[in-house]
Structures are given as C-alpha cells and as structure tokens.
Amino acid sequence: MFKDILQFFVRAAKNPELRRKILITAGVLAVFRLAAHIPVSGVDRSSLQQLFSGSALLSLFDVFSGGTLANFSILALGLGPYINASIIMQLMTYVFPRLEELSKEGEMGQEKINQYTRVLTIPLSVFQAISIYILLQTQGIIPGLSFLPLLGLVVTMTAGTMLAIWFGELIEEYGVGSGVSFLILAGILARLPVILAQSGTGVIENIEQLLPTLLIVLISLIIVGLVVFVNEAVRQIPIRYARQNKGAIPGTSGSYLPLRVNQAGVIPIIFAVSLVLLPSLLSQFLTQVPNERIATLALRLAELFNPQSVVYNVFYFFLIVAFTYFYTALVFNPEKIAENLQKNGGFIPGIRPGGQTEKYLRYVLSRVTLAGAMFLGFIAILPSVLSTFVGVSNLVVGGTGLLIVVSVILEVTRKFESQMVMNKYDSVLR
C-alpha cells in the first residue's frame, strides 16, 4: 500500500504542472512555519509553553491556529478570525437578498463575497487580539501595556492574520488543495514530534503508560482506516438520457451522479472548533472579573465546556452535524442539478424530471449527509471520550488532527489524479 502511494507521488512529481504546484505549496508552507516562530516582543515564552502544555483546550486551539499561538508569534491568531468571518458571511447570504444574489453569480460573485469576508476579518482580529492579550495578561504571561504598545501588539497580530490569509490564498490559487486546510495541516504536523516525544518520555518514566500508548496507536490506525473508507464512499444515482448516440443499445445510454458520503470534507470540523472554543475562552476571561457573581458563573461555564465534559462533547457533536448539512447545502444544489438534467434530456429511472427529481435528490442527499455528519461527529468526540478512560490528554488533539491530516491528503491525491488525467487527455488531443 505504502509502495503504491509512494509510486503515485513519484509519478505526480514527474508532471511539470504538478511539480510546480508542489514546489509553490512547499515554499509557502516553509515561509508560514518560519513566520510562526517570530515571537511578539514582551512575552514570557517559558510560562506560555507551560500554560499550553497543561491545558488540552488551549492545545486544541493552538492546533487550529496553525501551531502559532503556543509560540505567540506574529501569526498567533492564525486563521481563526477568517474562519469566523466566513461563517458569518455564509449565514448572511441567507438573510440579505443582495448577498444571496452575489452567491449565485458564479466566480465573480464569490470573489466579491471573499472581499467582504476579508474586510470583516479585520475587526474580528482586533477583538480576538485584545481578548487574548487580556487573558494572557491576567495569567502573568504578558505585562500590562500602555496604549501605544498595546496598539502595536494588536496591529501586529491583525496583520499576521491577514498574512496567513494571503498564504492560504496563494496555496489555493497556485498550489494544491485548500489553503486553510493546508495551513492547519502544517500546524498539526509541526506538533507531531512534540506529541511523540511527550508520549515516549511518559512511557520511559512510567511503564504503566505503555498500554494506553499502544491503545492510542491502535485507535489512530482505526481512525485512519475509517476516514479513508468514508471519504471514498459514494452513493451512485443512475442517470439515463432520452437522446442516445447512434448505434447505442436502447436503455444502456447513461451514467451515474455520485453523491459523496462526506461531501463537506473537513470544513465542518474547522468551523465547529472555532465556535466550540469560544465559551471556554470567554469563561477564562470572565473569571478575572471583580464581580464575584460573574466570576462564579464563568467558573461554572468553564467546567461545562471542559474538553472532557459531556456538555462540551454533545455541543461539539451537534455543531459538526449542523455545519456538515450547512456546508453540503452550499456545495451541492439539487435544484440546479435537476434543472441541468432536464435541459440535457437526462432523468433518474422511475423519477419524473424537474420538481420530482429535485425532491428525490434532496431526499437521498439528506440521508447520505446524515451518515457523513454522524461519522465526523463520532470521530471528533471519540478521542475526548476515550481520554477520560486511558488518562492521555494527547488524544483530544490527536483524533481531530488525524481526521484533518488524512482528509487533506486524500483531497490532494484526488486533485493530483484529476490533473494527471487532464494532462493525459491533452497529450492525446495534441
């Protein structure tokens, strides 16, 4: 299996177009990781590392910042504000008719929405930068700053977020795969040696940790297999065409409409994490408020949204399910597909063209999406649930991280395959 994968990437590297995209992606990721180690001045990094190593919540937040928050670098906010802005803009397309019209105008309309998203990212970045400063200042990691130094810190962190967005868009346009997913992937892989070293040290110091560590390895292999299986699973809907090619056998002209079980990829996970972490971060900030009643409520909120708590996992699970349906509705439009099928003389056997076809597609899509959503939610909360039994906090990060790593690699592999097929057809036509 690994030999076949290696041979596939060797063939891809021999393709000039793919080789150029791989080199651009690798170059952008190298610059991103270099910038992730440029620290903001005035931060006690040793105390910061201790704070993150002792909190599964902050470690998870660091993963989805692209591995930049633990270093408190100029890219400390990562893509978090941009992800939140994307969620807000996509929700606003259902509220404001003008934005809904833009979303239906194809590539030009989408580019306009992307511009609005970037603009909205700026105030969100400012808000999150100030919030993180207050949080770390109350922990004694950052000293109290006057107005101008604080302004410089906020401007630096906001500019870092915009730089991370630019890196992601460079990968999206000139490289391979989704830019946001790739930058998060880089953060996960950068943390992998640290997690392995911590696990190895724990086993050496305490032999009783050997069994939990082996259990982690086994669970990781099972998760990888399940992710590959579900990502490749497709529900094929047969399509027939009234107009047949000359010489074709009657009743055999047609194809299939593939509906992927995991139509939304890893986007629901990324969206859900950006929201599920907000109550915990808010509670950590409010615990320092002088008002005793507010501080008590904040402590209660922190307990409820601890990564090992039932409330956190249930909330996280339903967020993933909701975002899976939401994002699938954005990328797959049954009404448009039914209309295109009718225009081209296509139909689903036993289903009337037009409205009946649209209704049938929605029916099948809702059930296929349910399976994909339940799978994503289950895999996301499984490590957190198991960590309460084996006592290894790395599982909280590892399960979600494995899901993203495997999904991104599969997405890149599919793009490589499609690019190689296109180049093969181009060479034949020439």
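Me: Rings of Phe, Tyr and Trp (its six-membered ring) pair if their centres lie within 6.5 Å; planes under 30 degrees apart count as stacked, over 60 as edge-to-face and the rest as tilted. By this rule, what does the count of aromatic pairs come to?

Reply: This is a predicted model, in which local features need pLDDT of at least 70 and side-chain atom pairs count only at pLDDT 80 or more, while totals for chains, interfaces and linings use all residues. Residues are numbered from 1 along each chain as its sequence is written, and side-chain values use heavy atoms, with hydrogens and water left out. Applied here, the ring rule gives a count of 6.

Me: What kind of aromatic pair do Phe-32 and Phe-167 form?

Reply: Their ring centres are 6.3 Å apart. The angle between the planes is 85 degrees, and the pair is edge-to-face.

Me: How many residues apart are Phe-32 and Phe-167?

Reply: Helices (H or I, at least four residues) and strands (E, at least two) are DSSP runs, numbered from the N terminus. Phe-32 sits in helix α2 (residues 16-35), while Phe-167 belongs to helix α8 (residues 147-174). The pair therefore links distant parts of the chain, and the separation is 135 residues.

Me: Is Phe-32 buried or exposed?

Reply: Buried means under 20% relative accessible area, exposed means over 50%, and partly exposed lies in between (1.4 Å probe, protein chains only). Phe-167 and Phe-32 share one label here, and that label is buried.

Me: Which helix holds Phe-323, the partner of Phe-271?

Reply: Phe-271 and Phe-323 form an edge-to-face pair, with 5.5 Å between centres and 75 degrees between planes. Phe-271 lies in helix α11 (residues 267-276), and the pair ties together parts that are 52 residues apart in sequence, because Phe-323 lies in helix α14.

Me: Which residue joins Phe-32 and Phe-167 in a cluster?

Reply: The links in this cluster are ring pairs. Besides Phe-32 and Phe-167, the cluster includes Trp-166.

Me: Let's turn to charges. How many salt bridges are there?

Reply: Side chains of opposite charge can pair when their charged atoms come close. A salt bridge is a side-chain nitrogen of Lys or Arg within 4 Å of a carboxyl oxygen of Asp or Glu. By this rule, the count is 5.

Me: How far apart are the N and O atoms in the salt bridge of Glu-169 and Arg-118?

Reply: The side chains of Glu-169 and Arg-118 meet with an N to O distance of 2.6 Å. Glu-169 in helix α8 and Arg-118 in helix α7 (residues 106-138) are 51 residues apart, so this is a link between distant parts of the chain. Glu-169 is partly exposed, at 27% relative accessible area. To repeat the N to O distance, it is 2.6 Å.

Me: How far apart are the end C-alpha atoms of α7?

Reply: The expected span of a helix is 1.5 Å times one less than its number of residues. With 33 residues, α7 should therefore span 48 Å. That agrees with the end C-alpha distance of 47 Å.

Me: About how many helical turns separate Arg-362 and Glu-358?

Reply: These two side chains form a salt bridge, with closest N and O atoms 3.2 Å apart. Arg-362 counts as partly exposed at 41% relative accessibility. Arg-362 and Glu-358 are 4 residues apart in helix α16 (residues 355-390), so their separation is about one.

Me: Is Thr-324 buried or exposed?

Reply: Thr-324 lies in helix α14. Contact means heavy atoms within 4.5 Å, and Thr-324 touches residues including Ala-264, Pro-268 and Thr-369, not counting residues up to four places away in sequence. Because its relative accessibility is 1%, Thr-324 counts as buried.

Me: How far apart in space are Gly-177 and Thr-413?

Reply: Gly-177 is found in the loop between α8 and α9 (179-205), and it is buried, with a relative accessible area of 3%. Gly-177 and Thr-413 are 236 residues apart in sequence. In space, C-alpha to C-alpha, the distance is 9.2 Å.

Me: What share of the 430 residues in the protein chain is buried?

Reply: The chain has 17 helices and 3 strands. Among contacts between residues at least 6 apart in sequence, 74% join residues at least 24 apart. The buried share of the chain is 44%.
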